[in-house]
Amino acid sequence: MIAIAVVDKDLAIGNQGGLLFRLPEDLKHYKQETLGRLIVMGRKTVEGLPGGRPLPGRTTVVISRSVPLPDIPEDAIICGGESVYKLFWDRTDYLIMTEVDAKAEEADAYFPEYRDGSFVCVKDSGPIEDNGYTYHIREYKRNA
Ligand SMILES: NC(=O)c1ccc[n+]([C@@H]2O[C@H](COP(=O)([O-])OP(=O)(O)OC[C@H]3O[C@@H](n4cnc5c(N)ncnc54)[C@H](OP(=O)(O)O)[C@@H]3O)[C@@H](O)[C@H]2O)c1
């Protein structure tokens, strides 16, 4: 499975149900990566989307304890939040990470640790400037 996320320097991903940074260029990248794909999101992340509804143009599996956990195919893209990244972490072998060169002032949701040698970087966009922030989009493969 593939996980996609935007993280700060401490791997923070969210605060009080919302995202940490407004990155218009990165939203285009997110759309490009996810359009037409099967994506997996936690119930809280979906509620934080515009209109509280899944994104158009993608098939979204919403994870909630109120429905049985469906079978998720290996080519699905895991789109968070924290509890959903954790739930599928053992099956996640590829990461598409927007790594923002900043620390969020406040955060209450985090991405699992991947900078501990368990993943190797296979692609790096180089620095991207977007809405006053600098980030790299890096892709990682799980070490065998
Ligand atoms: N930076 C990024 O790339 C990024 C991406 C996505 C999300 N986020 C942020 O992450 C935060 C949300 O993360 P979160 O962890 O609080 O919420 P979440 O993962 O989006 O959703 C949590 C919900 O998922 C369901 N769930 C969790 N574990 C489950 C399990 N084992 N079995 C069945 N259902 C399960 C539960 O739904 P029920 O309560 O309905 O049972 C739970 O309340 C927000 O701040 C959001 O903006 C950031």
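Helices here are DSSP runs (H or I) of at least four residues, strands are DSSP runs (E) of at least two, and both are numbered from the N terminus. Read that way, the chain goes β-β-β-α-β-α-β-β-α-β-β-β-β-β from its N terminus, which comes to three helices and eleven strands. Keep in mind that this is a predicted model.

**Overall build**

- The chain has a radius of gyration of 14 Å, which agrees with the value near 15 Å that a compact globule of 144 residues would have.
- Along the principal axes, the C-alpha atoms fill a box of roughly 40 × 40 × 30 Å.
- Buried residues account for 26% of the 144 in the chain.
- If you take the contacts between residues at least 6 apart in sequence, 66% of them join residues at least 24 apart.

**The nonpolar core**

- In soluble globular proteins, nonpolar side chains tend to be buried together.
- The largest nonpolar core in this model has 29 residues, and the ones touching the most other members are A5, V7, I13, V40 and I78.
- Two or more core residues come from each of strand 1, strand 2, strand 4 (38–42), helix 3, strand 7 (94–100) and strand 11 (133–142).
- Strand 1 is the top contributor to this core, giving five residues.
- V7 is worth a click: leaving out neighbours within four places in sequence, V7 is in contact with A12, I13, M97, E99, V100 and F111.

**Strand 1 and its partners**

- Five of strand 1's six residues are buried, so the strand is largely enclosed by the rest of the structure.
- Strand 1 pairs with strand 7 in the parallel sense, over six bridges.
- Within strand 7, T98 is the residue standing opposite V6.
- Strand 1 also pairs in the parallel sense with strand 6 (residues 77–78), over two bridges.
- For A3, the bridge partner in strand 6 is I78, a residue already met among the core members that touch the most others.

- Strand 2 (residues 12–15) and strand 3 run antiparallel and are joined by two bridges.
- G14 has L19 of strand 3 as its bridge partner.

**Around the ligand**

- The ligand is surrounded by 26 residues, and the closest of these are G14, G42, R65, G80 and G81.
- Sorted by class, the shell has twelve polar, ten nonpolar and four charged residues.
- At least two shell residues come from each of strand 1 (2–7), strand 2, strand 3, helix 2 (43–47) and helix 3 (82–87).
- Helix 3 supplies the largest share of the shell, four residues.
- G81 lies in the loop between strand 6 and helix 3.

**Loop residues to look at**

- L11 belongs to the loop between strand 1 and strand 2, and its phi is positive, near 70°, in a residue other than glycine.
- Q16 has 9 other C-beta atoms within 10 Å, so it is exposed.
- P70 is in the loop between strand 5 (59–63) and strand 6.
- P70 has 10 other C-beta atoms within 10 Å, which makes it exposed.

Key
Residues numbered from 1 in each chain as written. Predicted model: local features only at pLDDT ≥ 70, side-chain atom pairs only at ≥ 80, totals over all residues. Pairing = 2+ DSSP bridges. Near = placed C-beta within 6 Å. Nonpolar A, V, L, I, M, F, W, Y, C, P; charged D, E, K, R; others polar. Rg over C-alpha atoms; globule rule 2.2 N^0.38 Å. Buried ≥ 20, exposed ≤ 12 C-beta atoms within 10 Å, placed from the backbone. Contact = placed C-beta atoms within 7 Å. Core = buried A, V, L, I, M, F, W, Y, C linked by C-beta atoms within 7 Å.
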